[in-house]
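Trainee: I would like to go through this structure term by term. Can we begin with the model itself?

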Amino acid sequence: GAFLSFFPKFVAGGLLLFLGTSMLKEWIVDSRKSISKIDYGIIVGIVLIVEFFGFLEGVAIGIVASVVIFVFRYSSINIIKNILDGTHIRSSKDRPITDQRMLDYHADQLLVLQLQGFIFFGTANSLYENVKGLASSDDKHLEYIVLDLKLVQGIDSSAVKSFVKLAKYFEKKDVSLVLVNLSEKLRVTFEADGFTSNNYKTLHEFNDLDHATEYCEDQIIKTESEKLQQAKLDGKDVDSDLMQAVYSDMMAALDIQVLFESLTERMKPYLEKLDVTKGDQLFRQNELSTDIYFIVRGQVTVSRTNREGKAMRIRTLGPWTITGELGAFLAYRSPYDADIVKGGIVQKLSAENRSRMETDDPDLASEFQRLIIIMLGNQLMKTSRVVGNIKN
């Protein structure tokens, strides 16, 4: 204190005056062109309030104004990242030709919304209005709406009210609302407000999008098949376009089936018959894949376990399908598990027997390779169609 008494007062005053004018110039003059008009208005307002009412009042008003502006701006961000209907997304379950065409024909009954970001009352209300508008559209016949919450970081308790309103709205319209990929944090928040399937009959929950899509597809096929059956009983005309598409695809699939059955019959000397039951495993992830499996009867689920230890279903294979072919021909370790989910008969072609067949009967080996190419091409065509629809 004694030392500061010798410090010239005009120097200290000049320093304060310099700092004050520098800050005013930086925030009032220089920032005018670099920030938005709303932000600049807040800055000018803070300066005026500090001048006429006080420093603390200016800080308080500035904080309140900034929060209000932030809420307004964040509410305008669309939390719906992607909107996909039944044409753009399918489950990995293999289905008969009739069921595939049924799903193509009624693709507008399924809608998948992939959400993102943090959901609070502002963005939740926007979501409610958007989904309600999609459901009430005249060119849509929605029966199932799937909300994928995988990319949602969190949710405010006040935002749950909008989800409750959504569930009540769809319950009146008899539209199923399906929740997917709920984190434990989201589940606790929803349960705290009673937003559960126990309280809403049209609300369903699944751990992943693939199983949720499969559930919706199963319900669509069941409902539409019953309608077709009833139409036949009533003597009404059945849609000719659907029947023509089903007939064309069935004939193409029948050719593959005939080729499959004839080849497995001719290849009997080289095949090992396996009577499999539910729970058996054909091969494991990361094992060296050398054998090819012909699924004659039953079902096989192909799944992959990620780094977090979660199993992700890739595809469910039914009769007249083949698995293990890529690893056998390309000699790499299997990227997935193959588990029996429905017992039946599987024919195994080992690497040794395949080499023996190529030596003993080159024509049969060529026919077998032709079948592999046809089936891979068919699967690639389905995948390309879905990817193309998503890009468009």
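Predicted model: local features only at pLDDT ≥ 70, side-chain atom pairs only at ≥ 80, totals over all residues.

Trainee: Why is M267 called buried?

Mentor: Its relative accessibility is 0%, so M267 counts as buried. M267 sits in the loop between α9 (240-266) and β6 (272-276). Helices (H or I, at least four residues) and strands (E, at least two) are DSSP runs, numbered from the N terminus.

Trainee: What does M267 touch?

Mentor: Leaving out residues up to four places away in sequence, M267 touches F294, L349, M357, L364 and F368. Contact means heavy atoms within 4.5 Å. M267 and D361 are 94 residues apart in sequence, yet 9.8 Å apart in space, C-alpha to C-alpha.

Trainee: Why is Y215 called partly exposed?

Mentor: Its relative accessible area is 21%, so Y215 is partly exposed.

Trainee: What makes F206 and Y215 a tilted aromatic pair?

Mentor: Their rings are 5.3 Å apart, centre to centre, with 40° between the planes. Rings of Phe, Tyr and Trp (its six-membered ring) pair if their centres lie within 6.5 Å; planes under 30 degrees apart count as stacked, over 60 as edge-to-face and the rest as tilted. F294 and F368 are also a tilted pair, at 5.8 Å and 45°. F294 lies in strand β8 (residues 292-305) and F368 in helix α12 (residues 362-391), so this pair ties together parts 74 residues apart in sequence.

Trainee: How many aromatic pairs are found in the whole structure?

Mentor: The search finds 11. F163, F190, F195 and Y200 form one aromatic cluster.

Trainee: Why is α5 called roughly parallel to α6?

Mentor: Helix α5 (residues 121-135) and helix α6 (residues 160-173) pack at about 15°, with axes 9 Å apart. Angles under 35 degrees count as roughly parallel, over 145 as roughly antiparallel, 65 to 115 as roughly perpendicular and the rest as oblique. So α5 is roughly parallel to α6.

Trainee: Which residues meet there?

Mentor: Among them are L127, Y128 and V131 in α5, and F163, L166 and F170 in α6.

Methods:
Residues numbered from 1 in each chain as written. Heavy atoms only, no water. Axes fitted to C-alpha atoms, helices over the stretch in contact; angles between N-to-C directions. Buried < 20%, exposed > 50% of the residue type's maximum accessible area, 1.4 Å probe, protein only.
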